[in-house]
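Please open the model in your viewer and keep the selection tool at hand. The stops below proceed from one selection to the next.

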Protein chains: 4
Amino acid sequence: MEAIIESLGECRFLSPLRHRFAGMNGFRTEEHRVIYDDSIEGVRDIFERGLSHLHFEMAGPREKIYFDPAKTSAAIVTCGGLCPGLNDIIRGIVMELYHRYDVTRIFGLRYGYEGLIPRRGHVPLPLRPESVSTIHTFGGTILGSSRGPQDPVEMVDHLEELGVDLLFIVGGDGTLRGGEKINAEIRRRGGKRCVIGIPKTIDNDIMYLDKSFGFDTAFAEAVKAVACAHVEALGSMNGIGLVRLMGRHSGFISCYAALAGQHVNYCLIPEVPFALKGPCGLLETLRYRLAKRRHAVIVVAEGAGQDLMNINSADTDASGNPKLGNIGEFLKEKITEFFEKRRIEVNLKYFDPSYIIRSVPASPQDNVYCLRLAQNAVHAAMAGKTGMLIGQWHSTLVHIPFELVTQGRRRIEPSGDLWQAVLECTGQPVRMS
Amino acid sequence: MEAIIESLGECRFLSPLRHRFAGMNGFRTEEHRVIYDDSIEGVRDIFERGLSHLHFEMAGPREKIYFDPAKTSAAIVTCGGLCPGLNDIIRGIVMELYHRYDVTRIFGLRYGYEGLIPRRGHVPLPLRPESVSTIHTFGGTILGSSRGPQDPVEMVDHLEELGVDLLFIVGGDGTLRGGEKINAEIRRRGGKRCVIGIPKTIDNDIMYLDKSFGFDTAFAEAVKAVACAHVEALGSMNGIGLVRLMGRHSGFISCYAALAGQHVNYCLIPEVPFALKGPCGLLETLRYRLAKRRHAVIVVAEGAGQDLMNINSADTDASGNPKLGNIGEFLKEKITEFFEKRRIEVNLKYFDPSYIIRSVPASPQDNVYCLRLAQNAVHAAMAGKTGMLIGQWHSTLVHIPFELVTQGRRRIEPSGDLWQAVLECTGQPVRMS
Amino acid sequence: MEAIIESLGECRFLSPLRHRFAGMNGFRTEEHRVIYDDSIEGVRDIFERGLSHLHFEMAGPREKIYFDPAKTSAAIVTCGGLCPGLNDIIRGIVMELYHRYDVTRIFGLRYGYEGLIPRRGHVPLPLRPESVSTIHTFGGTILGSSRGPQDPVEMVDHLEELGVDLLFIVGGDGTLRGGEKINAEIRRRGGKRCVIGIPKTIDNDIMYLDKSFGFDTAFAEAVKAVACAHVEALGSMNGIGLVRLMGRHSGFISCYAALAGQHVNYCLIPEVPFALKGPCGLLETLRYRLAKRRHAVIVVAEGAGQDLMNINSADTDASGNPKLGNIGEFLKEKITEFFEKRRIEVNLKYFDPSYIIRSVPASPQDNVYCLRLAQNAVHAAMAGKTGMLIGQWHSTLVHIPFELVTQGRRRIEPSGDLWQAVLECTGQPVRMS
Amino acid sequence: MEAIIESLGECRFLSPLRHRFAGMNGFRTEEHRVIYDDSIEGVRDIFERGLSHLHFEMAGPREKIYFDPAKTSAAIVTCGGLCPGLNDIIRGIVMELYHRYDVTRIFGLRYGYEGLIPRRGHVPLPLRPESVSTIHTFGGTILGSSRGPQDPVEMVDHLEELGVDLLFIVGGDGTLRGGEKINAEIRRRGGKRCVIGIPKTIDNDIMYLDKSFGFDTAFAEAVKAVACAHVEALGSMNGIGLVRLMGRHSGFISCYAALAGQHVNYCLIPEVPFALKGPCGLLETLRYRLAKRRHAVIVVAEGAGQDLMNINSADTDASGNPKLGNIGEFLKEKITEFFEKRRIEVNLKYFDPSYIIRSVPASPQDNVYCLRLAQNAVHAAMAGKTGMLIGQWHSTLVHIPFELVTQGRRRIEPSGDLWQAVLECTGQPVRMS
């Protein structure tokens with residue numbers, strides 16, 4: 001199975017980049033591809049079953065492009081919750097379009113998909129190199145954002161009004177599904193506009209990606225909060241530092257924060273169920289730990305332990321995600337109750353640093369990653385590719401069709417080496433049930 | 001009025017520091033004093049009324065000391081909530097005692113005043129240069145802390161058992177009152193032990209001090225949270241970043257955070273009452289601001305606006321302070337309600353970074369300040385002074401009797417230049433009532 | 001002796017700030033003054049000699065102002081080497097003029113005093129709130145800077161051409177002397193323009209000031225370099241970390257860096273001479289230390305040990321300062337030579353972080369300090385004061401005549417408590433000669 | 001070609017980790033392998049030529065181990081220049097051995113390979129969890145380091161004396177070649193000791209690795225220096241910030257620093273030659289840029305432009321590397337000369353932050369990476385593997401034989417996407433010759 005990328009048509013224009021690469025083999029073709037599964041078993045399967053495995057087209061500049069730079073307009077939209085690196089992506093797209101492809105008509109759409117609904121009254125922001133040159137030093141998005149879908153028909157109407165040829169969409173799961181619909185609506189009308197996504201999820205849970213942008217920054221910031229929780233835990237008799245971190249479906253931030261800071265004694269994630277009660281449950285093992293060490297640090301991903309609470313899983317938020325119970329507050333209450341009953345003094349301090357974690361500026365690592373995602377999103381768009389997103393797989397930037405990534409989520413494998421490393425460094429019970 | 005410092009008796013030993021200062025006029029005497037009020041009006045009063053004003057003895061090493069280093073033992077206790085710099089103080093005292101005065105028997109008492117109550121079972125920690133050499137790079141206190149008073153009789157019994165001659169107490173208001181009682185009990189028994197305080201309050205509200213240690217670090221950390229609130233506010237339509245900061249009686253952290261980051265549109269402090277309702281109240285002016293600018297950042301000190309909530313002010317916490325209502329949660333609710341009623345979409349993000357702010361390591365500024373407080377606390381103790389604390393007044397380190405600082409609190413003067421500077425930089429209404 | 005501030009004339013306009021302070025006693029008058037020497041001895045002298053001592057006028061807004069906001073123009077110039085906080089000062093002046101006094105015609109002069117010499121071709125930059133709103137998050141100065149004086153006649157000609165009424169000058173020693181000349185030339189012509197200085201010296205060596213802006217940031221940054229030198233020193237057998245820091249005449253940065261990080265074993269400053277040779281000289285005591293501890297960290301201020309080198313002290317740099325020998329390179333060479341001769345392996349790593357230290361953004365502490373300096377510079381200017389600068393003395397912002405501060409330099413007193421604290425924490429020999 | 005890992009013999013002991021993974025498929029076997037080249041072309045080659053390509057054994061815990069934990073001793077040595085993460089590696093190895101495998105006899109060898117030469121007099125440091133628990137918060141290595149090889153016979157003699165079964169070597173190129181020799185000498189004697197390497201190179205230039213530890217930290221720190229160079233360049237007329245960064249053979253740090261900060265106008269690396277003179281040379285294009293923009297930032301890797309200087313390439317340093325000319329100082333001189341001749345004022349500021357970059361503590365990203373390298377080094381050692389190192393290839397931790405990585409260096413491909421991204425973001429001429 002090749003991951004086939006939709007294309008607007010034949011590339012008839014010579015890339016303005018050709019002067020830069022003159023004599024160097026700098027352009028990519030559709031022949032450059034990487035395989036999804038690089039294990040020997042995977043390759044053996046290919047060997048026997050004849051290349052039927054998944055592989056991705058490599059990203060990069062194309063020698064011939066679809067759009068005529070002089071007549072091309074572009075727009076950028078950022079959707080969903082904040083994530084470090086959004087401004088880097090915006091800046092990177094603008095700079096690449098402007099300086100490398102000479103595309104100078106670029107709009108920033110305000111407040112997510114709302115910015116494509118004229119009656120909302122959000123006027124698009126013209127973007128130029130001067131207006132974005134230092135934005136990567138700030139967190140958030142200069143365009144603003146919003147949650148939730150909008151009507152694809154209305155949105156494509158507005159794209160036509162604005163004359164937008166290239167639409168860059170930065171957002172998560174739901175946003176990318178919205179991008180699919182916009183792309184479908186454009187196709188339905190026979191339009192020659194392309195839609196390129198840059199997947200955003202601070203939880204790092206997008207399939208077919210090494211990592212999502214902003215994740216490096218986010219867990220580094222989480223480490224600071226966990227270090228503070230550790231200091232608080234040490235600072236009083238039977239101190240407990242309890243930190244709720246992001247991670248609706250996947251515990252990547254929690255795991256990396258635990259591994260980096262080396263302060264965490266319990267790391268609770270959605271992928272690994274745990275019990276409160278019983279001899280191996282959180283509460284009894286915590287009692288044992290406090291008796292022995294007098295302090296403990298607990299990190300819990302927001303999606304962990306949902307089965308322990310009575311949640312109506314039919315409720316959804318503005319983005320259409322099921323509403324989660326607040327596992328942090330829940331644990332705080334249960335732990336306090338448990339020790340009060342046993343007349344054991346504990347000093348629990350609760351931390352919920354999510355808004356701080358997601359709104360800091362991108363780390364240098366993410367600065368680089370976002371820039372390269374942005375540069376390659378522009379290359380893909382100018383080459384007339386559409387309905388796809390830019391991702392990194394096994395250290396190579398690739399093109400991935402929308403429908404592939406919106407099918408599932410990346411999760412931590414309880415038998416895999418990441419979770420094992422966490423168990424080794426926290427020393428928590430392997431099974432808490 | 002001189003601020004008279006109690007003394008254990010005649011200083012009969014030559015300071016081991018005399019070799020260091022040989023030929024240099026490095027020692028201080030009791031004649032070195034600074035006046036409290038250095039305004040022309042203040043001095044004119046002195047001029048006319050003959051030196052009746054308050055003045056403080058300068059801190060510093062004395063040429064002759066009271067205690068014989070070879071036979072002297074010391075103990076350190078840290079009490080109350082965490083504050084950046086506690087470990088710096090501990091380290092500074094140990095290093096000064098050990099390396100400069102050759103006092104080698106030093107105890108760290110565990111978990112605040114509880115550490116002086118043997119039946120609590122907290123074994124004192126012997127402190128040596130090796131065990132404290134890097135602790136200033138971590139937040140919190142290696143000794144642990146606790147809130148609330150203990151029986152002075154029991155505590156002095158234990159000091160006698162341990163043979164502690166010098167007791168260093170680091171803590172706030174209540175702790176210093178506890179120190180007064182310990183000192184009184186020692187005097188009652190005719191003991192020759194001294195009690196030296198180092199005042200701690202992250203709120204910066206101690207009287208007769210330029211500033212309290214940890215404050216510089218704390219507001220710098222608060223600035224980061226406020227910057228994130230600003231990013232969040234900008235990141236969505238009618239975004240509101242609401243940050244609750246420390247400050248039970250005084251709004252210093254909130255004011256400095258507002259001045260430093262330049263992001264704050266409303267700074268609400270205990271010293272300046274405000275109304276929610278009415279044309280100049282918070283809610284209406286916020287509505288006006290959102291209509292004009294689409295985002296707002298509000299910083300509120302925890303002790304602000306207590307009159308707006310129905311609080312039973314007779315309730316107290318473990319330290320004996322009246323329990324405050326949670327003004328942050330209260331404002332969050334009132335603001336949400338107000339705009340919901342008017343069907344105006346707002347996106348409020350609430351931040352409560354207090355535990356993070358107080359548990360980070362000290363800034364270089366506070367490293368220096370804590371070290372100098374610690375060094376001078378040791379000088380005072382070795383000279384047989386007692387019932388006093390080390391403070392800084394008008395850039396000079398001085399000795400202040402316990403009873404002076406526990407009489408009141410330093411507060412922000414609404415007509416003074418600090419509050420004016422805040423008003424100038426937030427642009428908030430001068431009167432919100 | 002009062003420090004008398006020159007004034008352009010009678011203040012006939014009501015301050016636009018009066019609405020803000022209605023009912024509050026927020027304005028300052030010339031009666032508000034602080035005395036320079038607040039020691040008991042100092043006050044006793046006043047008492048006996050009748051108020052003949054130095055005292056300063058307090059800064060702050062005046063109820064009546066000299067300039068009519070609607071007809072007033074201002075200009076800002078930054079001179080000399082970079083220092084953290086320059087952009088904060090620029091931003092603060094612009095915001096205060098614009099938002100509080102409704103002065104909207106503000107120029108930024110480019111590249112120091114060169115910006116006042118038209119034939120240099122530097123076009124003044126119009127400054128507005130939008131153009132300065134985030135500049136405090138960056139180091140350096142958006143206006144650029146240059147060293148050295150320019151002809152006062154030419155400069156005042158250009159001020160007249162531009163119609164500048166208020167000139168704000170940010171710079172050091174030489175710059176302020178230049179400001180005096182501009183002021184004198186304006187007076188000579190009978191002009192009604194004012195010149196307000198904000199003293200800048202990263203070395204913290206300006207007389208009559210508690211501290212200079214940027215100093216807090218600078219030594220905090222220096223601490224980082226010294227910590228790295230410590231890591232390098234520990235990282236190899238007989239490792240020596242040698243760090244040259246700023247401080248032409250005064251060792252404040254070196255001393256504070258030593259106190260804050262607690263890594264320094266030798267702190268060498270201009271105020272305290274030291275010998276290389278002899279039993280108490282640097283080299284022999286260093287040999288002893290390495291034999292005992294295997295590593296050492298040396299911090300040297302750039303102006304220290306100049307007597308040890310053969311320097312032609314008649315040479316001067318562009319700012320007119322005598323050229324210093326490079327004591328860092330000199331010590332590196334001498335130390336290497338000394339140990340090579342004795343066939344002792346040492347691993348010396350040399351650090352010269354000055355350009356990094358001076359170009360970082362201001363710390364929150366300095367953000368606040370710069371803002372308040374800027375706000376008060378504007379208050380003074382609008383009130384028609386001239387030939388003066390804004391400083392902080394004993395925690396109060398005051399007006400100081402130019403000629404007072406350019407008379408001398410603040411230096412570290414070898415018998416004072418700062419240097420004693422350094423000796424106590426480095427453990428270096430008291431006398432190295 | 002399989003990358004075959006040498007083994008000490010049959011694994012007869014059950015891993016103490018089996019309790020942790022009971023019921024989970026947590027152990028790895030030698031069947032788990034990843035292919036080196038995951039491009040379609042690569043796989044097609046395999047397909048046609050029958051699995052002859054390079055593939056690596058996956059790292060991870062083995063169900064059966066070679067060494068009996070109760071009788072096993074280990075030692076760690078760190079060699080060569082400092083690199084962020086060394087202490088993380090030490091800590092990770094100690095914690096894993098102690099807590100997971102119950103190996104409690106662990107030595108830290110002092111000052112690199114010198115620590116294995118008894119007559120050097122460096123006593124091994126016993127390492128325990130308490131002694132390493134916070135070392136990852138500091139830069140450098142607690143063991144010290146040294147450059148250069150030692151006699152393998154002497155070293156193995158000492159390993160036998162100490163009874164060391166597992167030797168962990170952290171170092172670069174030369175160090176790993178030394179490790180090969182130690183391993184060979186052990187084999188020659190028929191010993192049952194294993195040698196496991198963890199490759200260290202701040203330059204990120206080791207073959208067959210996604211990245212080397214410390215690189216993320218290093219370039220992030222480099223970004224700070226480059227940002228300061230940018231501030232300095234902007235701060236004066238025709239300001240030039242010239243930064244020399246690490247990178248003897250490969251320009252990774254320079255390229256990543258350029259991409260992250262977005263300040264760099266010229267990025268000069270060893271892989272891409274450049275001329276000083278001529279219309280496309282550095283000097284003329286720099287003149288053009290200054291005329292247009294008035295400032296420029298140049299980053300140069302230490303190994304770049306060596307052909308421009310007259311260097312005797314036969315000279316080598318203590319590690320046996322050819323001595324490089326100082327390209328930073330050389331450019332500084334040439335640029336100054338060029339503009340002086342043309343009487344154009346430039347203000348060049350030169351930065352050499354290498355010692356600062358390499359001695360900071362590891363970033364959270366590197367904390368995690370180092371921990372996982374350390375954990376897997378212990379897994380490999382306990383399983384009796386030897387003569388190999390732990391690396392990461394395409395996001396998977398793998399075992400790589402020593403001889404493979406010491407054959408060559410990873411370099412930046414001038415036609416590859418990393419260099420293209422740099423060209424796109426600096427805007428520098430593609431060919432400067």
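Two residues are said to be in contact if their C-beta atoms, placed from the backbone, lie within 7 Å. This is a predicted model, in which local features need pLDDT of at least 70 and side-chain atom pairs count only at pLDDT 80 or more, while totals for chains, interfaces and linings use all residues. Residues are numbered from 1 along each chain as its sequence is written, and chains are lettered from A and ligands numbered from 1 in the order in which they are written.

**Stop 1: Asn376 in chain B**

Select Asn376(B), which lies in helix α11 (residues 364-382) of chain B. Helices (H or I, at least four residues) and strands (E, at least two) are DSSP runs, numbered from the N terminus. Which residues beyond four places in sequence are in contact with Asn376(B)? They are Ala59(B), Gly60(B), Ile390(B) and Leu397(B). Asn376(B) is buried, because 27 other C-beta atoms lie within 10 Å. The term buried requires 20 or more other C-beta atoms within 10 Å of the residue's own, whereas exposed requires 12 or fewer and partly exposed covers the range in between; C-beta atoms are placed from the backbone. For a distance check, select the C-alpha atoms of Asn376(B) and Glu232(B): they are 144 residues apart along the chain and separated by 44 Å.

**Stop 2: His230 in chain B**

Next, select His230(B), found in helix α6 of chain B. His230(B) is buried, given 25 other C-beta atoms within 10 Å. With neighbours within four places in sequence left aside, the contacts of His230(B) are Gly241(B), His263(B) and Val297(B). The C-alpha atoms of His230(B) and Ile240(B), ten residues apart along the chain, are separated by 8.1 Å.

**Stop 3: chains B and C together**

Display chains B and C. A rotation of 180 degrees, with 0.0 Å of shift along its axis, superposes chain B on chain C with an RMSD of 0.0 Å. This is the relation of a two-fold axis. The superposition is by least squares on the C-alpha atoms of residues with pLDDT of at least 70 in both copies. The same surface serves both copies, as 100% of the contact residues of chain B recur in chain C.

The contact takes 49 residues from chain B and 49 residues from chain C. On the side of chain B that touches chain C, the elements giving two or more residues include β3 (33-35), α1 (40-49), α2 (86-101) and α6 (215-234). Which element gives the most to this side of chain B? It is α11(B), with seven residues. By class, this side of chain B divides into 22 nonpolar, 17 polar and ten charged residues. Here Ala, Val, Leu, Ile, Met, Phe, Trp, Tyr, Cys and Pro count as nonpolar, Asp, Glu, Lys and Arg as charged, and the others, Gly among them, as polar.

**Stop 4: helix α7 of chain C**

Select residues 252-261 of chain C, which form helix α7. The helix is mostly covered, with ten of its ten residues buried. Among them are Phe252(C), Tyr256(C) and Leu259(C). The buried residues of α7(C) pack against α11 of chain B, together with α6 (215-234), β11 (239-245), β12 (266-268), β13 (295-301) and α13 (417-426) of chain C. Just after α7(C), Gln262(C) takes a positive phi of about 65 degrees.

**Stop 5: strand β11 of chain C**

Move to β11(C), where seven of seven residues are buried. Gly239(C), Gly241(C), Val243(C) and Leu245(C) are on one side, with Ile240(C), Leu242(C) and Arg244(C) on the other. Two strands pair if DSSP finds at least two bridges between them. β11(C) and β13(C) pair in the parallel sense over seven bridges, and Ile240(C) stands opposite Ala296(C) in β13(C). Five bridges join β11(C) to the parallel strand β14 (residues 347-351) of chain C, where Phe351(C) is the bridge partner of Val243(C).

**Stop 6: strands of chain D**

Finally, select β6 (residues 73-78) and β7 (residues 105-108) of chain D, which run parallel and are joined by four bridges. Ile76(D) stands opposite Gly108(D) in β7(D). β7(D) is also joined by two bridges to the antiparallel strand β8 (residues 125-126) of chain D, with Phe107(D) opposite Pro126(D).
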